[in-house]
Amino acid sequence: MKHEIIMATAYFTVLMLSAASAVRWLRMRHLFPMFFAPIFVCFTLYELVICYQVKFGTFDNLDRYTQAWYNLPIWVHEAILLLEDIFCLILVQRERYVRRHSINVNSVADALNNVDCGLMYSEWDGTIVLINHKMWQLARIFSDAQYYNALDFWRMIISFDESADAKRIDFTSWPAFLLKDNTVWSFERSILSDADKRYLEIVARDVTDLYNKRVKVEEEIKELSSVQGRLQEVLKNISTTGNDEELLAYKVHIHDRLGNAILRTRQILRGNVQNFEEPARESILGLWTNTIKAFKNNRLEVEQNKEGSLAALYSQAETLGIELFMFGDFPVYNEVAIRAVREAMYNSIRHAYANSLTVESYKEDGGYRVHIYDDGKAQSDAVVEGGGLKSIRRGVEEQGGSMRVAVPEGVELFIFFKEEAK
Amino acid sequence: MTRVLIVDDSVTVRTLFETIIEGSEQYSLAGTLENAKAALPFCMRSPVDLILMDVYTKDRENGLEAAREIKKEFPDIKIIISTSLPEESFLEKAKAAGCESFWYKEVGELGLLDIMNRTMRGESVYPDTTPTVSVGLAKSVEFTPMEMKVLRELCNGKLNKDIAKELCMSENTVKFHINNMLQKAGYSNRYQLAIDAVEQKLIVPGF
């Protein structure tokens, strides 16, 4: 039994010695492989030989010193063998520590494998010279094929669309992919130049955080866009809504007056009103006149909104005390053209003290050429493109047309409208 | 007879004002316009004593701006600003433009005639407060003057840094005022606040 325990311990020690030696022999400058290893190996083999002699009954043939050694207590044998094991274990651990904390032939590879991104370097013809573990793992996700050429690998990346393990979700200028583990990787390619040589570098970066933040920002932008759209709509309609409320209030008022007029008339017709003399008759007549006028103007407002219109321009010219002459084909449905005439009318009165405004227009090249001039005497420095003319110019140019202001004597506008906007 | 010019983009409103003026013995109608910009050229051609000027007229022309120009050229013409918009800056702007009176449009003849009479007697008639409107959970009067200034710039689409530059304050102060308004109104973001303020016509962007 004793020899079996010693044999088992000795075999284990051989194993430890082999492991420690294998590690040590990579670094020959250390003392262990050259000196201690042969001694430990010899002693362990010596123990094994004795145990085999005991096992096969030839122990009595051994010399007396060997027999005396074997007859020592078992803990002596075990202690020496276990000391060897502990020594080997310490050496292996120390070697691992040294390798981790010192530069050696594997340091570059270790460092590249430890970085969080995938790296691949190749010659200019695509021959891979260096690839780290992460890039190798990523390459296996995209394809089962073994890549020996960086150019082939890059072609695969840029043409990759979707598989069970990855899905293309480009959100930067470089290809990016959402993997099955919900991480997002972006691939970039660049050229590295040495003195007379060029290399290709492909870097895969984990952009999961960036992507998640971008998704969040996009959601927020979408929400804000919808709110912004509503704001724009409100701004656009503020005039309409304000007017609608005013109109409603005044229409209620007009209808009240109509009701009042009907009620009083009915009372008169039924003979309920005594002494229906002249003042009372005038009063109810005035009530009806005003009510009918209000209705009539209400209808006019609807018609004017529908038409545009030139009639309004003539009417305004008459109100302002300036004669308006219009010749040729005027783009009547073009709101900017109407505004241009109106603006010219105001400027002619304010700056040129004009009495008449002439508008000549004709069709040309699919558009309208409009010439507006007055009979006034403008001061050249009096006509500068302020808010009104600037607004007209913007409107004209937005339609693809052009505008020129001249001040020979009065104010002149030359406008070309590319097409008639209805 | 006092010659009155009516400037309002609504035919119905103009008609009602015309009816009021024609029905009175003291006033006569000088003319009616739908665009505030036409008011100055009109005054250059026709004698006018009093103008009833709307703020928001046809083609987004600003009645307050037109009033300022008219006052510059014709300081004797009296101007009554009439509006239904509760935007509180209109009162200050009307005063700055030199307008004699300010009237929130009402349905009723006596209100307007009363204002016109008092204005022509030399009085300056301005309402003490603007109509109160609700912005979210808050009443418009709950906003401080500085908050209103920030809100006005916000409704004009400006960013914090632009608002800070415009109002000569730090961006943090702008954020502080906006957060205060959000808390009062019960909104979670500035866009909701701005939209409601514009919808309620508490602020009229561009005016």
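Predicted model: local features only at pLDDT ≥ 70, side-chain atom pairs only at ≥ 80, totals over all residues.
Figure 1. Helix α3 itself spans residues 63–73, and its buried residues are B:G63, B:L64, B:A66, B:A67 and B:I70. Viewed down the axis of α3(B), these buried residues fall within an arc of 155°, so they line one face of the helix. The exposed residues B:K72 and B:E73 are carried on the face of α3(B) turned away from the buried side.

**Figure 2. The largest nonpolar core.** This core comprises 88 residues, of which B:L5, B:A39, B:I51, B:M53 and B:I81 touch the most other members. Helix α11 of chain A (residues 335–352) gives the most to the core, contributing nine residues. A second, separate core has 18 residues, among them A:L138, A:L200, A:I202 and A:A204. In soluble globular proteins, nonpolar side chains tend to be buried together.

**Figure 3. Contacts of B:M53.** With residues up to four places away in sequence left out, B:M53 touches B:V7, B:A36, B:A39, B:G63, B:A66, B:A67, B:I79, B:I80, B:I81 and B:S82.

**Figure 4. Packing of helices α6 and α8 of chain B.** Helix α6 (residues 145–155) and helix α8 (residues 171–185) of chain B pack at an angle of about 95°, and their axes are 9 Å apart. The angle makes α6(B) roughly perpendicular to α8(B). On the side of α6(B), the contact is made by B:M146, B:E147, B:V150, B:L151 and B:L154.

Figure 5. Chain B has nine helices and seven strands. Of its 207 residues, 45% count as buried. Among contacts in chain B with a separation of 6 or more, 63% are accounted for by residues 24 or more positions apart.

**Figure 6. Helix α6 of chain A and its packing partners.** The buried residues in α6(A) are A:K134, A:M135, A:L138 and A:A139. Seen down the axis of α6(A), they fall within an arc of 135°, so they line one face of the helix. The buried residues of α6(A) pack against β1 (118–122), β2 (128–131), α7, β5 (184–193) and β6 (198–206) of chain A.

**Figure 7. Tyrosine A:Y147 in the loop between α6 and α7 of chain A.** The loop lies between α6 (133–142) and α7 (150–159). A:Y147 has 20 C-beta neighbours inside 10 Å and therefore counts as buried. Not counting residues up to four places away in sequence, A:Y147 touches A:A139, A:D152 and A:F153. The C-alpha atoms of A:Y147 and A:I128 are separated by 8.7 Å, and the two residues are 19 apart along the chain.

**Figure 8. Tyrosine A:Y362 in strand β8 of chain A.** Strand β8 covers residues 356–364. A:Y362 is exposed, because 12 other C-beta atoms lie within 10 Å. Apart from its neighbours within four places in sequence, A:Y362 is in contact with A:G328, A:D329 and A:R369. A:F330 is 32 residues from A:Y362 along the chain, and the C-alpha atoms of the pair are separated by 6.9 Å.

Note on methods:
Residues numbered from 1 in each chain as written. Chains lettered and ligands numbered in written order. Core = buried A, V, L, I, M, F, W, Y, C linked by C-beta atoms within 7 Å. Helix = DSSP H or I, 4+ residues; strand = E, 2+ residues; numbered from the N terminus. Contact = placed C-beta atoms within 7 Å. Axes fitted to C-alpha atoms, helices over the stretch in contact; angles between N-to-C directions. Parallel < 35°, antiparallel > 145°, perpendicular 65-115°, else oblique. Arc of directions from axis to C-beta.
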